[in-house]
Amino acid sequence: MSRADTVEQAAAEWLGRREEAAWSATDEAAFGAWMEASLAHKAAYWRLEHGWRMADRIGALGPVEPVAAPPASRRPARIALAALAASLLVALVGSALWLMRPQTVPIARFHTPVGGHQLVALADGSRIELNTATEVRSAVGAARREVWLDRGEAYFEVALRRGEAFIVHAGSRTITALGTKFSVRCDGDTVSVSVLEGSVRIEDALRGGAAASATATKGDRVIIRGVSTLVAAQSVERVEDALAWRDGMLAFDQTPLSEAAAEFNRYNHRRLVIDDPAVASIRIGGAFQASNVDAFARLLKDAYGLRMTVRQDEIVISS
C-alpha cells in the first residue's frame, strides 16, 4: 500500500470513528494531533468529509416507501426492503466515491538547457523559476497543486489558498507549503531547500512518520542526503546569495575553489578542472556572472597567479 493510500485509509477510519456514540474528548485530541501532523492528513480528511456530506444530500431526497404486503408475506417484504436498503447504500457510497475521485489536471512539462533560465506562471497564480539544466512537471488546477522537480533547481513563489497546500516532489522528499517563497535543488541523491519567506514542511515519502519530517522557516536551509536531514538556520541574506542565479549571478563567501568551480560547471559547457588539492582548497568570495566562465578564470589568474590551460571544452587550473 502506498503512503497516499495509507493516509486515505486513516482518514476514512477517523471519519467513521467520529460518528460513533463512544467518541470522547481523548479521541478528539488524538484526531486533532493527527490532523496537525501533516497537511496531507487534512486534505485527505476534508476530501472524504465533503464526499460524505454530498452523499447525505442524496439520501435526504427522501425515503423509499415499501409496497404494502399481506401479513403472510411480511418476512419476504422485509427481505426485499433490506435488499433495497443495501442497494441504496451501495448507490450512495458509489456517489460519494465518484465525488471524491481525484480531479484530472493535465500534466505540464518545462525544461531548461545548460545555462538556461525560464519563468513559468501557473494557473493558481503561483510562479516557478527554473534554473540551469532543470526539468519540472506540474499539475496545478482548481483542486490540485503538485509539482515534480525531476532534476535541477527551481524557485517557487506560492500563491496562498486557504487550506490548500502546494506540494513539490523532489527525489524521495515531499515539500509542502501554503503561501511562501522557497527554492528546491536536486543534485544526485542530495536535495536542498532554501526558504526565503514563510515556512515549508519536508517529509520522507518512503518512510513517513514524524521522525522523517522537518519544518523550515524563513532564512533556513535544509540539506537532505539519503535518510539524513539537516536544518541549518541562516540569515535571509545568505539565502538570497544562494538565489543569486535568479539574476544570472553566482555569489560565494569563503567558498573552496573546488565548490565554486563545480557551480560554474552547472551553467557552462566549458568546464573548470582542478587537479591540484592545494588549488582546490583556496577560498574565494564575491559575485560573478554565471555564464562567463572565461572572465572568472582570468580573475583567478590575476588574483592568485594560477595557471590556466585552455583546452577545447575545459579550462585546467593549476598552481
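The structure is a predicted model, in which local features need pLDDT of at least 70 and side-chain atom pairs count only at pLDDT 80 or more, while totals for chains, interfaces and linings use all residues. Residues are numbered from 1 along each chain as its sequence is written, and side-chain values use heavy atoms, leaving out hydrogens and water. Helices (H or I, at least four residues) and strands (E, at least two) are DSSP runs numbered from the N terminus.

**Helix H2**

- Helix H2 has 13 residues (25-37), which at 1.5 Å a residue should span 18 Å, and its end C-alpha atoms agree by lying 18 Å apart. The expected span is 1.5 Å times one less than the number of residues.
- Asp27, Phe31, Trp34 and Met35 are the buried residues of H2. They lie on the same side of H2 because they cover an arc of only 100° around the axis, taken from the directions from the helix axis to the C-beta atoms.
- Ala25, Thr26, Ala29 and Glu36 are exposed on the other side of H2.
- Buried means under 20% relative accessible area, exposed over 50%, and partly exposed in between (1.4 Å probe, protein chains only).

- Five of the seven residues of strand E8 (residues 181-187) are buried, so the strand is mostly covered.
- Strand E5 (residues 145-157) pairs with E8 in the antiparallel sense over six bridges; two strands pair if DSSP finds at least two bridges between them.
- Arg185 in E8 stands opposite Glu153.
- E8 and strand E9 (residues 190-197) run antiparallel and are joined by seven bridges.
- Ser183 has Ser194 in E9 as its bridge partner.
- The hairpin of E8 and E9 has two residues between the strands, and Gly188 there takes a positive phi near 65°.
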